[in-house]
Amino acid sequence: MSDTFLGMPAFPQAAARAVRDGQLRANLRHATHTIRDKRARAVAELPDWAELRSAGKAIKDHTLRHLDRYLVQLEEAVTAAGGTVHWAADAEEANRIVAGLVHATRTTEVVKVKSMATQEIGLNEALAAEGITAYETDLAELIVQLGEDRPSHILVPAIHRNRAEIREIFADRMASWGRPAPEGLTDSPAELAEAARLHLREKFLRAEVAVSGANFMVAETGTLVVVESEGNGRMCLTLPRTLISVVGIEKVVPTWRDLEVFLQVLPRSSTAERMNPYTSLWTGTTRGDGPSEFHLVLLDNGRTAALADQVGRQALRCIRCSACLNVCPVYERAGGHAYGSVYPGPIGAVLTPQLRGTASPVDASLPYASSLCGACYEVCPVAIDIPEVLVHLRERVAEQGGHPVERAAVAAAGYVLDRPAALAAAERLAGRTRALHPRRLPGPGRAWTDSRDLPEVPAEPFRDWWRRNRT
Ligand code: SF4
């Protein structure tokens, strides 16, 4: 996965730092509450929302069960329509393929449609190492790129920034990436949008190559779908001569009838819109219309490993609507950067440890970045039981070994619980020494007793009381 977040501390440390940033918390609270309220109203308008949710879940589960078949069908359809399909096992292979395709066009810059998959593989950094500049064209991604920042939300990557901060970034940084911000730029949304429009337009008009992801791929016709709100995606998908789309293998759906379900639930669940403003669909290449060369890079990068996990695989149903982030009390306070991954919030806490594994401290901490309140499951339009996956992944992390003190405590408990005489002796000893027991645990257990009282040990063990009173 992207090295953008390499070196990040584990979630508890990163979150502790983030919650001390009052401005960040204010920005996040305002943004998440606004989106979540609008979403709730948009969803409540549909009397068949529950049925749509069940249908979305069923379609995704069916597709994932037969993923091999649908991917081959997709490849055949894309190829028949004039496109070329490449298979990438991991980030390195995907980046190598894309860089090779860009080099073949003899250009040194590409325009990009907002794409989580390309962030996941660190494509911009890999292209930069090859002398190729990637220009983000989504407004929020542009803010992140100009500010040399990191995205903190799936849908609104610059959600942690307010208007005044964005104005400053545009005024200071636009000139080093192309057309400068207009003189006297204020922080009015209309002026900021116009500055971005002017800055980006020259890039759209001269770009030879565009890189995108896709929200969905329809296996029966080889059609790719990008759902966006600003129209920048449409410019990238139609103007350049070469289009390269990097898409996770789980994004395939079998038929257009299946797509119908997702095009209803996604806009309402993500931006609270009844219908998506710009939905671009393309099938291979068409002479005289749009790019004359189309490459589809199908990305695994840990997805087949996730698919093999009977509990964890449901995370692959995700359609990246971001509704779970907007209702999560942990995300609202810690912000997206604390998750150390391009996938923040509840979905990041279950997806990242499956894609990257749980070997590093950051990834091992993510399944614990939740209160298990279940709000994420309630809003998920494809009914991913995120709390269930979190608990499952915690089990995996615990089996890895955990902290040495924890390991020693569990081993000692196992020994004593296995031997009734030793247990009875330990209980008596604990009862006699109860006045000396600390109120808080030392070492790694301290976080647990920060918010809980340790249960008091009774003066007399129950088995002794029983023997005295009942025998
Ligand atoms: S897990 Fe569900 S709610 Fe969260 S982003 Fe994915 S589809 Fe949306």
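Author: Helices (H or I, at least four residues) and strands (E, at least two) are DSSP runs, numbered from the N terminus. This is a predicted model, where local features need pLDDT of at least 70, side-chain atom pairs count only at pLDDT 80 or more, and totals for chains, interfaces and linings use all residues. Residues are numbered from 1 along each chain as its sequence is written, and side-chain values use heavy atoms, with hydrogens and water left out.

Reader: Okay, how many helices and strands does the protein have?

Author: The protein has 23 helices and 10 strands. Its C-alpha atoms fill a box of roughly 95 × 55 × 50 Å along the principal axes.

Reader: What share of the residues counts as buried?

Author: Buried means under 20% relative accessible area, exposed means over 50%, and partly exposed is in between (1.4 Å probe, protein chains only). Here 50% of the 471 residues count as buried.

Reader: Which residues of α8 are buried?

Author: Ala140, Glu141, Leu142, Ile143, Val144, Gln145 and Leu146. That's 7 of the 8 residues of this helix (residues 139–146), so α8 is largely enclosed by the rest of the structure.

Reader: What covers those buried residues of α8?

Author: The cover includes helices α6 (116–120), α7 (123–129), α9 (163–177) and α10 (189–206), plus strand β3 (133–136). At 1% relative accessibility, His199 counts as buried. Skipping neighbours within four places in sequence, His199 is in contact with Leu142, Met174, Trp177, Gly178 and Arg179.

Reader: What happens at the start of α8?

Author: Look for a polar contact, a pair of N or O atoms within 3.5 Å; within protein, one must be able to donate a hydrogen and the other to accept it, and residues adjacent in sequence count only if both atoms are side-chain atoms. At the start of α8, a side-chain oxygen of Asp138 comes within 3.1 Å of the backbone nitrogen of Ala140.

Reader: And how do I read phi?

Author: Most residues other than glycine have a negative phi. Now try Arg320, which is not a glycine and yet has a positive phi of about 55°. You'll find Arg320 in the loop between α13 (303–307) and α14 (323–327), and at 9% relative accessibility it counts as buried. Leu372 also has a positive phi, about 60°. Leu372 is in the loop between α17 (361–365) and α18 (375–379), and with 33% relative accessibility it counts as partly exposed.

Reader: Which residues surround the ligand?

Author: A residue is near a molecule if one of its heavy atoms lies within 4 Å of it. Arg320 turns up again here, along with Cys318, Ile319, Cys321, Ser322, Cys324, Ile347, Cys380, Pro381, Val382, Ile384 and Ile386.

Reader: How does that shell divide into nonpolar, polar and charged?

Author: Ala, Val, Leu, Ile, Met, Phe, Trp, Tyr, Cys and Pro count as nonpolar, Asp, Glu, Lys and Arg as charged, and the others, Gly among them, as polar. The shell has 10 nonpolar residues, 1 polar and 1 charged.

Reader: One last stop: is Val350 buried or exposed?

Author: Val350, in helix α16 (residues 345–356), counts as buried at 0% relative accessibility. Beyond neighbours within four places in sequence, Val350 is in contact with Ala315, Ile386, Val389, Leu390 and Leu393.

Definitions and conventions:
Contact means heavy atoms within 4.5 Å.
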